[in-house]
Amino acid sequence: MKDSAVMDQDLQTPEPRTVSIFGYELIREVLLPEIFGKDTPEILYWAGKRLARKYPLESYESLIDFFAKASWGELEIKKEAKNELEFELASPMIVSRVKSKAENFFQLEAGFLAQQIEVQKGAIAETFEHPVKKSNKVCFTVKWDKD
């Protein structure tokens, strides 16, 4: 587990940076599926959970901030119920991904959300993704059970 000062340093960006959509897509949409094959969505989900364990976040605000700093997009909480949270994620990269091919996976983000909410709620959580092509956004539903 990383020391919290090191994690804080990792998450701080002294100045705004841009991420090349081409470079991001090259790794995420070409290289990783080439390596993982048909198991890509499942592996990305568990990779997201593992990333969340390395970067534990204590609040929804820090979760939203992490998504922005990781260049995953602008995360917004749309609805919270007793055992469920709905998030919406938007970014230029999502627009590019949704327009570029028929099948898109946002399982890295889904796994990350599941693990963060699991720790924050103290209950087993699972995230379901719902890409919305018309709005070029992705919706996530996180469900947990406190049994």
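How many helices and strands does the protein chain have?

## Overall architecture

The protein chain has six helices and four strands; helices (H or I, at least four residues) and strands (E, at least two) are DSSP runs, numbered from the N terminus. Read from the N terminus on, the order of the elements is α-α-α-α-β-β-α-α-β-β. The model is predicted, local features need pLDDT of at least 70, side-chain atom pairs count only at pLDDT 80 or more, and totals for chains, interfaces and linings use all residues. Residues are numbered from 1 along each chain as its sequence is written, and side-chain values use heavy atoms, with hydrogens and water left out.

Of the 147 residues of the protein chain, 36% count as buried, where buried means under 20% relative accessible area, exposed over 50% and partly exposed in between (1.4 Å probe, protein chains only). The accessible surface comes to about 8,900 Å², and carbon and sulfur atoms hold 56% of this area; accessible areas come from the Shrake-Rupley method with a 1.4 Å probe, and for residues only the protein chains shown count as cover. Among contacts with a separation of 6 or more, 60% are between residues 24 or more positions apart, a contact being heavy atoms within 4.5 Å.

## Nonpolar core

The largest nonpolar core has 30 residues, and Leu63 and Phe87 have the most contacts inside it. Such a core is a set of buried Ala, Val, Leu, Ile, Met, Phe, Trp, Tyr and Cys residues joined through side-chain atoms within 4.5 Å. At least two residues of this core come from each of α3, α4, β2 (84-90), α5 (92-100), α6 (107-121) and β4 (137-145). Helix α6 supplies the largest share, six residues.

Leaving aside neighbours within four places in sequence, Leu63 is in contact with Leu57, Leu75, Phe87, Phe112, Leu113, Gln116 and Ile117.

## Aromatic pairs

Seven aromatic pairs are present in the structure. Rings of Phe, Tyr and Trp (its six-membered ring) pair if their centres lie within 6.5 Å; planes under 30 degrees apart count as stacked, over 60 as edge-to-face and the rest as tilted. Tyr55 and Phe66 form a tilted pair, at 5.7 Å centre to centre with 50° between the planes. This pair links distant parts of the chain, eleven residues apart: Tyr55 lies in the loop between α3 (40-54) and α4 (60-69), and Phe66 in helix α4. Both Tyr55 and Phe66 are buried.

The ring centres of Phe67 and Trp72 are 5.0 Å apart and their planes stand at 80°, so this pair is edge-to-face. Phe67 counts as buried because its relative accessibility is 0%, and Trp72 counts as buried at 8%. Tyr55, Phe66, Phe67, Trp72 and Phe112 form one aromatic cluster.

Among the buried residues of α6 are Glu109, Phe112, Leu113, Gln116 and Ile117. Just after α6, Gly122 takes a positive phi of about 65°.

Arg28 lies in helix α2 (residues 21-36) and counts as buried, because its relative accessibility is 6%. The side chains of Arg28 and Glu109 are joined by a polar contact of 2.6 Å. A polar contact is a pair of N or O atoms within 3.5 Å; within protein, one must be able to donate a hydrogen and the other to accept it, and residues adjacent in sequence count only if both atoms are side-chain atoms. A polar atom of the Arg28 side chain also lies 3.4 Å from the backbone oxygen of Phe105.
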